[in-house]
Every structure is written in C-alpha cells, then in structure tokens.
Amino acid sequence: MAESLGILVADDNSVNRMVAVALLRKAGHRVVAAEGGAEAVEIAARGGLDVVLMDIRMPGMDGAQAARAIRALPDPQMSAVPIIALTASPFQDELEACHQAGMNGCLFKPFDVTLFAVAYGEARAGAPWRIQGQGESGGAVAQQHDHRVAGAGHAGSQRRPQAGAEAAVRPGV
C-alpha cells in the first residue's frame, strides 16, 4: 500500500492501540487514536479519515454501536468511511453485530499491517465482508463472513466461535 492513509484506531486496550498505531505510522500512515467508541465517533465526525479500525469490545459504546453512529453522521463522506472491526475472539454474535452495524470487514488481533492493507483494499472496492487475521495456531485466516451461519441471533448461540476460524487464505490473496 503506497498511499498514506488517514486512519483512526479505536481500542480501549492501551497496548493494542499503541501497537496498531506504531505499526501503521511505521508504514507511513497518518494515525489518530481513540480509547472508546464515543471518542471514535467524535473524531470521525471531524472528517479527514480514510478508514476506521474499531475494536469490537469496548466499555460504554462498543464497536458496533460506534459503527452505527458513524454511519448516521450527516457528512456523507464520513458516514461512508470504511470501518474494519478488530477482535481477539471471533464469536459469531459479535461478528454478526459488526456486519449489521455497517462494518466492512474484520481483522483478528494481533494487528497485522499486511492483512490490514488487504482488508482496506477489499472494503474500498466493496468486496464481501470478510474476516482476516491469525488463527490460534498462527495460520492465516481469510474467509468471507456468511451472516446466515447457523444460530446467528438465536438464543443459545450467543458465544459460538465463528465457524472455520482456522481456514486457509484464499489463493491470490
């Protein structure tokens, strides 16, 4: 990714936030950080962003709530900014909430700049919503999220890990 992007990193965990900010700045991007969802919405409302990286689980306003608030901003450019979820745990209910809130994709933690570039490129191109990152075994994950996976939104399915969380990267990605 040759262009310098304006990126907002929203994560309540200071270490995660610091790592993502440092890696993105090292890659030549302009980065601003927020400690929570409400602060992320305030920053997004000011404009000037190319993409938002949003932690899913934050106290107060979580990532899905913040994404919905950004999508509701009156500035059409900022309400359409790509929003990519960040998560350490691929639970289907959280992924579904992010997808329904208008997020464009999802990255597993730990943060990886290369996978961010892929996710951003896909979000910008309007590609289907996908999950990308490192599985527990260290194997790369890149799969399309099918929000129709069994149990989505039904009682008793609320903490089910996303099916196929150890899938291999698609050829050509």
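Residues are numbered from 1 along each chain as its sequence is written, and side-chain values use heavy atoms, with hydrogens and water left out. In this predicted model, local features need pLDDT of at least 70 and side-chain atom pairs count only at pLDDT 80 or more, while totals for chains, interfaces and linings use all residues.

**Helix α6**

Helices (H or I, at least four residues) and strands (E, at least two) are DSSP runs, numbered from the N terminus. Helix α6 covers residues 113-125, which is 13 residues. The expected span of a helix is 1.5 Å times one less than its number of residues. For α6 that gives 18 Å, and the end C-alpha atoms are 18 Å apart, so the two agree.

Which residues of α6 are buried? They are Leu-115, Phe-116, Ala-119, Tyr-120, Glu-122 and Ala-123. Buried means under 20% relative accessible area, exposed over 50%, and partly exposed in between (1.4 Å probe, protein chains only). Seen down the axis, the buried residues of α6 fall within an arc of 165°, so they line one face of the helix. That arc is taken from the directions from the helix axis to the C-beta atoms. The face turned away from the buried side carries Thr-114, Arg-124 and Ala-125, which are exposed.

Now the two ends. At the start of α6, a side-chain oxygen of Asp-112 comes within 2.9 Å of the backbone nitrogen of Thr-114. After α6 comes Gly-126, with a positive phi near 75°.

**Two cysteines**

A disulfide is a covalent bond between the sulfur atoms of two cysteines. Here it is counted as a pair of cysteine sulfur atoms within 2.5 Å. By this rule there are zero disulfides. Cys-98 is in none, and its nearest cysteine sulfur belongs to Cys-106, 6.5 Å away. That is too far for a bond.

| Cysteine | Relative accessible area |
|---|---|
| Cys-98 | 1%, buried |
| Cys-106 | 0%, buried |

**The cavity**

On a 1 Å grid over the protein atoms alone, a cavity is a set of points where a 1.4 Å probe fits but cannot get out; lining residues have an atom within 4 Å of a point. The structure holds one cavity of 30 Å³ or more. About 40 Å³ of space lies in the largest cavity. A volume is the space filled by probe spheres set on the points, which are joined across faces, edges and corners.

The lining of the largest cavity includes Asn-104, Gly-105, Pro-128 and Gln-132. Both α6 and β6 (130-134) give two or more residues to this lining. The largest share, three residues, comes from α6.

Definitions and conventions. Polar contact = N/O pair within 3.5 Å; in protein donor to acceptor, adjacent residues only side chain to side chain. 1 Å grid on protein atoms, 1.4 Å probe; cavity = no way out; pocket = protein on both sides within 12 Å on 5 of 7 lines; lining within 4 Å.
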